[in-house]
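Reader: I would like a close look at the aromatic rings in this model, and at what surrounds them. Please take me through that part step by step.

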Amino acid sequence: SMEWICDPAAVKPLLEMLQGDDYRQLSNSIRALNAIGDTRTIEPLKEFLIREGFSVSLYGDAMYALNKIGGADVMDFLLTFWKERKLEIRNEAIDTLAVMGDPSVTNDLLGRLQRENPDKQIMTIYKMRHINDERIYNTLSTLSADPDAKIQKAAKWALERYKAAHQPSE
């Protein structure tokens, strides 16, 4: 049960679990440390975040716990982590939010179109269709006439689905 886990005496064994590689143990220990809210967990959570090779959901849980426990004191660490060390996580998070239709990632997606190679641009175009935003609509419309035939085809496909999802016929 979660009761014993919310006991501060459980912090030490939970921090030991945080050193391991077992997904379930890591997930449970991060959630329990979050529930306990003990400041002794701040540095070990930072150390966990710097380790490579875990799933986005584990990093997300650890960032959430760190933010909740550390508050303003950990904000610089989290922002640096978010921006520099884990671009791939940031990109996965953007992709996930895009597919969920979250307009907060519109600028990220539009920026990606400027920077990426054509294959990645096409993947971005496919994801953009989920977000109901006039800038997305305008971008997809413009790309529907792109000189690159593959981009043009992807944009037409995405625009069709965008209209079906976000502009229901009267």
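Predicted model: local features only at pLDDT ≥ 70, side-chain atom pairs only at ≥ 80, totals over all residues.

Author: Together F54 and Y59 make an aromatic pair of the edge-to-face kind, with 6.2 Å from centre to centre and 70° between the planes. The pair counts as edge-to-face because its angle is over 60 degrees. Ring pairs also bring in F48, so that F48, F54 and Y59 are linked into a cluster. The structure holds 5 aromatic pairs.

Another of the pairs is made by Y137 and Y162. Their ring centres are 5.8 Å apart and their planes stand at 45°, so this pair is tilted. Y137 belongs to helix α10 (residues 134-143), while Y162 belongs to helix α11 (residues 149-166), so the pair ties together parts that are 25 residues apart in sequence. Y162 is buried, with a relative accessible area of 2%, whereas Y137 has a relative accessible area of 25% and is partly exposed.

The loop between α10 and α11 contains S144. At a relative accessible area of 14%, S144 is also buried. A polar atom of the S144 side chain lies 2.8 Å from the backbone oxygen of L140. Leaving aside neighbours within four places in sequence, S144 is in contact with Q152, A155, K156 and L159.

In soluble globular proteins, nonpolar side chains tend to be buried together. The largest nonpolar core here has 26 residues, and those touching the most other members are L18, I30, L45, F48, L49, L66 and L78. The elements that supply two or more residues to this core are α2 (11-17), α3 (23-36), α4 (42-50), α5 (56-70) and α6 (75-85). The most comes from α5, which gives 7 residues.

With neighbours within four places in sequence left aside, I30 is in contact with L18, L45, F48, L58, D61, A62 and A65. Apart from this core lies another, of 19 residues, and among them are L140, A154, L159 and Y162. Three of these names have come up already: Y162 is the ring paired with Y137, L140 has its backbone oxygen by the S144 side chain, at 2.8 Å, and L159 is one of the contacts of S144.

Technical notes. Residues numbered from 1 in each chain as written. Heavy atoms only, no water. Core = buried A, V, L, I, M, F, W, Y, C linked by side-chain atoms within 4.5 Å. Buried < 20%, exposed > 50% of the residue type's maximum accessible area, 1.4 Å probe, protein only. Helix = DSSP H or I, 4+ residues; strand = E, 2+ residues; numbered from the N terminus. Contact = heavy atoms within 4.5 Å. Phe/Tyr/Trp six-rings, centres within 6.5 Å; stacked < 30°, edge-to-face > 60°. Polar contact = N/O pair within 3.5 Å; in protein donor to acceptor, adjacent residues only side chain to side chain.
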